[in-house]
Amino acid sequence: MIIAFMPLRCGSKSIKFKNIKNFCGKPLCYWNLESLQQSLVDKIIVATDCSEIENIVLSFCFSKVEIYRREARNAQDESSTESVMLEYINANTNLSYSDIFVLVQATSPLTETKDFNTAIFDFQTNKADSMLSCVRIKRFFWDSKGAALNYDPQKRPRRQDFNGCLMENGAFYVTTIEKLWKEQNRISGNVRIYEMEEYKGIEIDEELDWHIAESLMKHYQSTRLHNKALSIKLFASDVDGTLTDGGMYYSNNGIEYKKFNTLDGKGFELLKQAGIKTAILTGENTAIVKDRATKLQVDYLYMGLSREQKLTRLQEICKQENISLDSVAYIGDDINDELVLRAVGIGACPKDAQACITSLPCIICLNRCGGQGAVREFADYLLQNTNQN
């Protein structure tokens, strides 16, 4: 068995709750969990002492993820990572000595599935005792006494002819349960190196690291961030301000009306033809909304929902459809949609959405306003990227 282990504790002095802070539109820990979910790893253990972290991790609906509640004594500032790794091993007597154990750091979010898969294959093929990830740094290093450490100053090499040095980047470490238990250390015995691209050398420890890492991901991994349309299995929408213009219309006898747009109706039709399930999640609870949902033939309709209930109901749909939140596209316009928009794979909002929504990282701000074809515009975007229209 191949086990990935990600320690996520509540305490963080440099950046408060950094493991779940929004990074490129998702909680920081999401990115490596997503890569691991798609990898050769059989089981992903998130070791945490925090209910808030646990709830957010479980909201991703990744099938391989399990929560391990670590002991408080191994979640202190002075606690070593090895202490919680060994705690977990000691608490799970069903583990085999031959199991592969991969320590993964959430603070290196640029790690991709290909990194985990290639490293694990290399580790197994070469029968190593442990492995660590590194990046190659082509810089000249000196000690405090003025001595060059990695080159001859009299024969300064050109960068293209210089091999540089390998720097441990802290992204992940691979070993076996046996070696970890016997040596009490993540690195021991016959050590192999997995070399990653130089830009993946960043570790997020301080606020500046955060901004640099976000820029690197947006530059080098834009496909990972924005081209998720291929994996979309469910399209969900809010109603007021999204499927409607947000107006409230009343006749002389007090009957309420809502204005919908036929363009949006066609968008739902095209999505269903492409095999994408549809849903409406709304705080409204009226016959008008129910009638519109019936005409659109949506697969799921939930009305009268609070901000928190929207996300809960969406998680229930995902469980029923056997998909993750990353396979969901959602469009909303106001604060009641924020939790859902932060959780799904692709989020969008109408042009006239509230500032709290348009300012979300990685939100797709559409050109059309609510009730004026914004939903159709989002549907077309998804279908164009999946080549299913």
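Select strand E1 (residues 2–8) and strand E4 (residues 43–48): the two pair in the parallel sense over 6 bridges. This is a predicted model. As background, strands of a sheet pair through backbone hydrogen bonds, either parallel or antiparallel.

Now pick Leu8. Its bridge partner in E4 is Thr48.

Next, bring up helix H1, residues 28–37. H1 packs on the sheet and touches E1, E4, E5 and strand E6 (100–104). Compare directions: H1 makes about 175° with E1.

Widen the view to the whole sheet. In what order do its 7 strands run? Follow E5-E4-E1-E6-E8-E7-E9. The sheet is open, and its pairing is mixed.

Go to the edges. Strand E5 (65–69) stands at one and E9 at the other; each has a single partner strand, so one side of each is left without a neighbour in the sheet. Look across the strands too: neighbours in this sheet are turned by 30° against each other on average, direction ignored.

Stay with E9, which covers residues 191–196. Select Ile193, a residue of this strand. Is Ile193 buried or partly exposed? Ile193 is partly exposed, with a relative accessible area of 37%.

Notes
Residues are numbered from 1 along each chain as its sequence is written. This is a predicted model: local features need pLDDT of at least 70, side-chain atom pairs count only at pLDDT 80 or more; totals for chains, interfaces and linings use all residues. Side-chain values use heavy atoms; hydrogens and water are left out. Helices (H or I, at least four residues) and strands (E, at least two) are DSSP runs, numbered from the N terminus. Buried means under 20% relative accessible area, exposed over 50%, partly exposed in between (1.4 Å probe, protein chains only). Two strands pair if DSSP finds at least two bridges between them. Axes are lines fitted to C-alpha atoms, for helices over the stretch in contact, and angles run from 0 to 180 degrees between N-to-C directions. Contact means heavy atoms within 4.5 Å.
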